[in-house]
Amino acid sequence: MVTMPGRRWLILTQYYPPEVGAPQIRLRSVARELQRHGVEVEVLTAVPNYPTGRIFPGYGGRWKVKENIDGVPVTRTWVYAGTGKSVPVRLANYLSFTFTALITALTGPRPDLMLVESQPLSLGLIAILMKWLRKVPYIYNVPDLQVDAARQMGFMKSRSFLGLAFQLENLFLRQSWKVSTVTHRFIEHFRGRGLSEEQITFLPNGADTDFLKPRPPSDRLLDRWGLHGKKVFLYVGTHAYYHGLETLIEAATLLRMNSDIVFLMVGEGPERARLKAMCVDRKLDNVIFGTSPYEEMDQLYSIAFASIATLRNIEVAKGMRLSKIFPSLSCGVPVIYSGFGEAADLIGATKCGMVVEPENPTLLAQAVKTLASQPETRSDLGRSGRTLVEREYSWSAIVQHWLSEIGLNKEPESATGQRLAGTVTTH
């Protein structure tokens with residue numbers, strides 16, 4: 001049995017700011033909150049390149065980069081930059097970081113505990129070797145059932161490869177000190193795989209409620225995209241296959257004659273070029289593709305009438321809570337959720353948005369049109385969402401409860417620390 005670890009933590013993740021995405025935002029928030037609770041936390045991550053598959057300016061040509069984000073020391077190691085649907089390219093991307101991070105972890109200062117992001121799966125090899133060779137226990141953080149999702153979406157067609165991935169995942173889970181995951185259905189999934197109640201902990205997605213809060217519409221962003229007088233339905237996040245974003249484009253096609261409604265799609269990802277091509281082919285002028293850094297996310301949501309989250313109709317999606325719903329709700333912006341499962345149940349039960357079945361553009365278009373015609377309903381749903389996030393899904397509340405679950409329940413430091421949109425320094 002593993003005794004309670006000390007307070008020097010190493011977060012191991014391939015994805016971290018200045019990249020923008022769900023794991024990047026979540027882990028940055030967790031690192032900041034751990035600091036507030038007296039944990040000496042460091043991050044080991046890759047040179048930023050996601051989701052474009054290109055090394056960010058200022059980071060190229062170096063094996064290792066050290067910097068500081070929100071007062072957290074961050075070490076970055078070289079990675080083969082690449083993305084998309086090509087299996088060899090993605091494997092080269094994952095395994096190159098696994099190799100460079102392994103060398104750094106094995107030769108660097110020994111932490112008391114590692115918090116290991118389970119994506120990509122190969123990072124579990126570092127966790128295992130650190131446990132076996134340096135006696136470092138680890139928490140295995142599982143935000144998605146990646147092996148199940150890959151099988152259901154056809155990303156892994158080789159049964160032998162799928163079997164190997166499943167066995168490796170089982171090994172990493174069973175060798176961990178704790179497993180943390182983001183939904184109750186995922187907790188049930190891991191119980192079904194033989195993990196004990198004591199080993200599984202709940203670390204859901206959330207939002208920085210101090211930064212992400214209701215604000216007056218940003219004239220600067222309305223000017224940027226020419227959105228004055230429009231009701232903006234906002235999609236923020238990675239444009240990935242499992243989101244099924246063609247459903248949103250199909251809904252926009254059905255609403256092309258509604259001149260007051262516009263769809264703003266912010267983010268990057270492997271599906272973005274295809275989605276843009278769909279809009280060009282259909283001559284849609286009610287879909288705008290934009291980019292926006294996390295630091296202006298509060299302003300981005302200020303111009304949104306509602307946000308949209310979509311998922312494909314696959315079994316594994318029923319257990320997901322898409323992280324993008326919580327920043328929206330924190331800003332008092334209701335969510336139109338095209339999907340089944342735990343997130344849909346949460347939105348419906350707390351009356352902070354609307355839910356339609358996945359991959360049904362007709363129902364999505366109807367929901368958008370209905371909400372656009374009911375501004376008072378929109379305001380009521382937005383207030384309910386803000387109340388929900390303040391009560392249960394602020395990062396401060398989430399991390400404090402999680403630390404109590406794993407037995408580290410020291411009160412936060414008196415200093416509030418920098419908010420998430422704080423400084424980044426590089427040396």
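The model is predicted.

**Strand S9 and its partners**

- S9 covers residues 231-236, and five of its six residues are buried, so the strand is largely enclosed by the rest of the structure.
- From S9 the chain crosses through helix H8 (residues 246-254) to S10. This β-α-β crossover is right-handed.
- Leu234 has Ser307 in S12 as its bridge partner.

- Strand S6 (residues 138-142) pairs with S7 in the parallel sense, over four bridges.
- In this pairing, Tyr140 stands opposite Val179 in S7.
- S7 is also joined to strand S8 (residues 200-202) by three bridges, and the two run parallel.
- Here Ser180 stands opposite Thr201 in S8.
- Helix H6 (residues 184-192) belongs to a right-handed β-α-β unit with S7 and S8.

- H14 runs over residues 375-392. At 1.5 Å a residue, its 18 residues should span 26 Å, and the end C-alpha atoms are 26 Å apart, which agrees.
- Which residues of H14 are buried? They are Arg378, Leu381, Gly382, Gly385, Arg386, Leu388 and Val389.
- An α-helix has 3.6 residues a turn, so residues three or four places apart point the same way.
- The face turned away from the buried side carries the exposed residues Glu376, Arg383 and Arg391.
- What do the buried residues of H14 pack against? Their neighbours are strands S12 (304-310) and S14 (353-356), together with helices H11 (325-330), H12 (342-350) and H13 (361-372).

**Helix H15: a buried side**

- In H15 (residues 395-405), the buried residues are Trp395, Ile398, Val399, Trp402 and Leu403.
- They cover an arc of only 125° around the axis, which puts them on the same side of H15.
- Just after H15 comes Gly407, with a positive phi of about 95°.

- Arg36 lies in helix H1 (residues 22-36).
- Is Arg36 buried or exposed? Its relative accessible area is 18%, and buried means under 20%, so Arg36 counts as buried.
- The side chain of Arg36 makes a polar contact with the side chain of Glu33, at 2.7 Å.

- Most residues other than glycine have a negative phi, and most peptide bonds are trans. The next points go against that pattern.
- The peptide bond from Pro17 to Pro18 is cis, with omega near 15°.
- Pro18 sits in the loop between strand S1 (8-12) and H1.
- Tyr50 and Pro51 are also joined by a cis peptide bond, with omega about 5°.
- Pro51 is in the loop between strand S2 (40-46) and strand S3 (64-69).
- Lys283 is not a glycine, and its phi is positive, near 55°.
- Where is Lys283 found? It lies in the loop between helix H9 (272-282) and strand S11 (287-290).
- Lys283 has a relative accessible area of 68%; exposed means over 50%, so this lysine is exposed.
- Lys351 is not a glycine either, and it has a positive phi of about 50°.
- The loop between H12 and S14 holds Lys351.
- At 56% relative accessibility, Lys351 counts as exposed.

How values were computed:
Residues numbered from 1 in each chain as written. Predicted model: local features only at pLDDT ≥ 70, side-chain atom pairs only at ≥ 80, totals over all residues. Heavy atoms only, no water. Pairing = 2+ DSSP bridges. Right-handed = clockwise from strand over helix to strand, strands pointing away. Expected span 1.5 Å × (residues − 1). Buried < 20%, exposed > 50% of the residue type's maximum accessible area, 1.4 Å probe, protein only. Contact = heavy atoms within 4.5 Å. Polar contact = N/O pair within 3.5 Å; in protein donor to acceptor, adjacent residues only side chain to side chain. Arc of directions from axis to C-beta.
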